[in-house]
Amino acid sequence: MKRITSLIAVALSAASLSAAAATRTDLLGEPAQPASTVRAVVTAAYGRTIEITDRTKWVNVNHGEVVRLVSNGREFTWYFDGVSQPQPYYMTEFAPAGFVGRGVKVYVGLGDDANLG
């Protein structure tokens, strides 16, 4: 009986960890996707492109902004519609694996003037 209880505890723990990881990404925003009949709110139309170079230490974006991010010939588009974050977070938390190999910080503002740092 102890063994079954332990297995159930491990399974529930693993499930909660994967749910927590999914929730963290949801808090940061979501990949911009083409419009469909089901999902017509966000399209893949981005407002601007930010190139991430070896010298880039941070980027500034605005909440609700759709941005195309480019680095070393790779790219992805992200919709910054997540929950307001009191502190910057790292691009590695939401970028595709291997997109950036170091800690580029992302600052999400509420205003209209976003800049690249």
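**G73.** I started with G73 and found it in the loop between strand 4 and strand 5. This is a predicted model, so I kept that in mind throughout. Buried or exposed, I wondered about G73? G73 comes out at 78% relative accessibility, so I put it down as exposed, the cut-off being over 50%. Then I checked G73 against F99: the two are 26 residues apart in sequence, and their C-alpha atoms sit 9.6 Å apart in space.

**V106.** I picked V106 from that list and asked what it is in contact with beyond four places in sequence. My list for V106 reads V59, V61, F80, P88, Y89, M91 and F94. Of these, Y89 is also the bridge partner of V106, which lies in strand 7.

**The sheet.** That bridge sent me to the strand pairing. Strand 6 and strand 7 (residues 105–109) run antiparallel, and I counted two bridges joining them. I then traced the open sheet of three strands: the order is 3-7-6, and the pairing is mixed. Which strands are at the edges? I have strand 3 and strand 6 (89–90) there, each pairing on one side only.

Methods. Residues numbered from 1 in each chain as written. Predicted model: local features only at pLDDT ≥ 70, side-chain atom pairs only at ≥ 80, totals over all residues. Heavy atoms only, no water. Contact = heavy atoms within 4.5 Å. Helix = DSSP H or I, 4+ residues; strand = E, 2+ residues; numbered from the N terminus. Buried < 20%, exposed > 50% of the residue type's maximum accessible area, 1.4 Å probe, protein only. Pairing = 2+ DSSP bridges.
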